[in-house]
Amino acid sequence: MATSRLLRTSAAALAATALLISGCSSGSSSPRAETSSGRTTEAGAQRPAADATLEPLPAAVPAALRPYYDQKLSWHPCGVAGFECATMKAPLDYAHPSAATDLKLAVARKKATGPGSRLGSLLLNPGGPGGSAIEYLQQYAPQGAAVRARYDLVAMDPRGVGRSAPVECLSNKQMDRYTQTDQTPDDQAEVNKLITAYRDFAKGCEARSGKVLPHVSTIEAARDMDVLRAVLGDKKLTYMGASYGTFLGATYAGLFPTRTGRLVLDGAMNPDLDSRTVNLDQTVGFNTAFTAFAADCVKQKDCPLGHKNAADAGRRLSALFKKLDAHPVETGEARKLTESLATTGVIAAMYDQRAWPMLREYLAQAEAGNGRGLLTFSDSYYERDPNGSYANQMYANPAVNCLDLAPAFTSPEQVRAALPSFRKASPVFGENFAWAALNCAYWPVKPTGTPHRIPAKGAAPIVVVGTTRDPATPYTWAKALSAQLANATLLTYEGDGHTAYGRGSDCIDTAVNTYLLDGTTPPKNKHCK
């Protein structure tokens with residue numbers, strides 16, 4: 001499999017790792033997520049309030065929203081054989097719906113192929129936030145033949161994403177400079193440059209997408225999903241979400257439990273966490289993934305990180321990053337491989353263990369002064385095409401995250417105070433993740449969400465899937481979400497990489513497909529290897 005496709009297939013379910021974007025969000029902008037005031041940590045991050053709960057919306061559709069629920073979609077071919085597309089209208093602001101400000105949301109589907117009776121629509125979301133569900137459906141969707149035979153596979157790019165009123169922030173050249181910003185500042189001058197980069201990014205988003213920025217929350221995206229469910233003619237929503245898509249699906253179940261059908265939440269997130277905890281947990285997750293890679297690497301003849309143990313391999317990688325910080329290396333194009341781009345490239349490879357052999361090769365090349373391989377990995381993560389164009393995922397991602405939760409940190413001083421805990425969580429990546437968590441401090445729109453629990457009482461049985469060494473959505477999150485949901489079963493994959501379905505485990509795929517086809521949930525405490 002080509003490098004770009006391998007990593008994009010894996011990172012399509014990206015629970016947006018920190019780096020130069022915010023850590024993955026698990027908050028909501030729902031005014032119905034009632035909470036008491038949170039406590040404050042020594043680093044300034046708000047702790048989640050234990051009594052915050054996402055409450056359902058009224059079952060009856062408000063009269064002002066009825067035109068949206070009653071609309072008819074006009075389907076047409078859309079460039080990829082076997083698929084058809086349509087445009088769905090949704091209110092920019094659900095509190096004040098107005099045709100003058102409607103959003104046009106892009107939808108695609110591949111109709112059920114048969115044989116067997118049609119079971120309805122299966123809505124897919126690959127995560128991000130910011131991943132294009134339509135691109136995922138048309139290029140990567142792993143659903144097996146039996147599922148494709150019985151369901152219309154459907155994708156809708158969430159508001160602000162892909163083809164649905166996409167958030168835009170920077171020119172391609174500006175984004176190139178942004179991704180090269182030093183994220184492990186050595187002095188105050190470098191701290192100031194990082195803050196300037198965050199401010200300029202936020203200003204660019206406000207200038208280009210100011211109208212939509214206050215309305216790209218997870219709660220609003222979940223409400224769009226209910227409109228789509230009705231427009232498609234389904235009484236209940238059948239849904240499969242990966243990574244951030246699990247939070248989107250769980251939010252739907254919390255808001256519309258009586259309209260929730262079969263939901264698969266793979267690579268689950270925990271909505272009961274504040275931003276600082278989310279980022280710290282992800283730091284631990286990527287350290288776990290790197291340790292697994294390093295333990296494997298030192299056994300291989302071509303390992304560029306030595307042959308002693310994982311800890312020594314980590315020290316060697318950190319030394320390489322420091323060398324690149326001082327002296328970026330050539331890549332065969334105008335951009336050099338900087339420490340920040342190299343870190344992104346390594347992070348990208350943690351999403352899928354199938355990338356480990358290439359990562360060993362590319363690390364060896366970087367040590368020898370050739371940064372092309374790691375730059376390729378970094379570009380795949382950032383969705384930068386060879387012509388220098390960026391997809392909108394890295395713009396939509398902070399737009400959603402910074403609206404869903406309050407910033408992890410609001411000043412450089414708070415980051416410095418938290419650095420010891422982040423370095424302890426990951427000696428290799430901790431400092432990067434800590435400074436990356438500062439970016440929402442400069443966002444132009446105030447956050448509207450808070451940490452909360454999602455019980456979704458009254459919903460049909462839900463299957464939550466967790467991978468034990470998942471870097472981006474740690475396994476502890478899957479356990480937490482399955483415990484929160486009133487009617488959920490946890491399915492565990494004992495392995496590496498981000499998410500589990502469609503990645504080579506017949507055990508996982510069979511359990512999920514069986515649930516989607518006949519509603520039978522996996523046995524309690526089922527583990528797959």
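**Helices, disulfides and buried residues**

Author: Helix 5 and helix 6 are roughly antiparallel to each other (under 35 degrees counts as roughly parallel, over 145 as roughly antiparallel, 65 to 115 as roughly perpendicular, the rest as oblique). Please note that this is a predicted model, in which local features need pLDDT of at least 70 and side-chain atom pairs need 80 or more, while totals for chains, interfaces and linings use all residues. Residues are numbered from 1 along each chain, and side-chain values use heavy atoms, without hydrogens or water.

Reader: At what angle do helix 5 and helix 6 pack, and how far apart are their axes?

Author: The angle is about 150°, and the axes of helix 5 (residues 172-179) and helix 6 (residues 188-209) lie 11 Å apart. Axes are lines fitted to C-alpha atoms, for helices over the stretch in contact, with angles from 0 to 180 degrees between N-to-C directions. Helices (H or I, at least four residues) and strands (E, at least two) are DSSP runs numbered from the N terminus.

Reader: Which residues make the contact of helix 5 and helix 6?

Author: From helix 5 come Gln 174, Met 175 and Tyr 178, and from helix 6 come Ala 197, Tyr 198, Phe 201 and Arg 208. Contact means heavy atoms within 4.5 Å.

Reader: Where is Cys 169, and what does it touch?

Author: Cys 169 sits in the loop that runs between strand 7 (151-156) and helix 5. Leaving aside residues up to four places away in sequence, Cys 169 touches Phe 201, Gly 204, Cys 205, Arg 208 and Tyr 395. Among these, Phe 201 and Arg 208 also belong to the helix 6 side of the contact with helix 5.

Reader: Is Cys 169 buried or exposed?

Author: Cys 169 counts as buried because its relative accessibility is 0%. Buried means under 20% relative accessible area, exposed over 50% and partly exposed in between, with a 1.4 Å probe and protein chains only.

Reader: How far is Cys 169 from Lys 89, in sequence and in space?

Author: Cys 169 and Lys 89 are 80 residues apart in sequence, and their C-alpha atoms are 24 Å apart in space.

Reader: Let us change topic. How many disulfides does the count come to?

Author: The count comes to five disulfides, each a pair of cysteine sulfur atoms within 2.5 Å. Counting bonded cysteines along the chain, their pattern is 1-2, 3-4, 5-6, 7-8, 9-10.

Reader: What is the handedness of the disulfide of Cys 297 and Cys 303?

Author: The disulfide is right-handed, because the torsion about its S-S bond is about 105°. The S to S distance between Cys 297 and Cys 303 is 2.1 Å. Cys 297 is buried at 0% relative accessibility, and Cys 303 is buried too, at 7%.

Reader: Where do Cys 507 and Cys 528 lie?

Author: Cys 507 and Cys 528 form a disulfide with sulfur atoms 1.9 Å apart. This pair links distant parts of the chain, with Cys 507 in helix 18 (residues 506-518) and Cys 528 in strand 12 (residues 526-528), 21 residues apart. The link of Cys 507 and Cys 528 is left-handed, with -60° about the S-S bond. Cys 507 is partly exposed at 27%, whereas Cys 528 is buried at 1%.

Reader: Returning to helices, how many residues of helix 13 are buried?

Author: Nine of the 11 residues in helix 13 (residues 372-382) are buried, and the helix is mostly covered. Among the buried ones are Leu 374, Leu 375, Phe 377, Asp 379 and Tyr 381. Just after helix 13, Glu 383 takes a positive phi of about 55°.

Reader: Finally, which residues of helix 10 and helix 11 meet?

Author: Leu 317, Phe 321, Leu 324 and Asp 325 of helix 10 meet Glu 339, Ala 342, Thr 343 and Val 346 of helix 11. Helix 10 (residues 310-326) and helix 11 (residues 339-349) pack at about 145°, with axes 8 Å apart.
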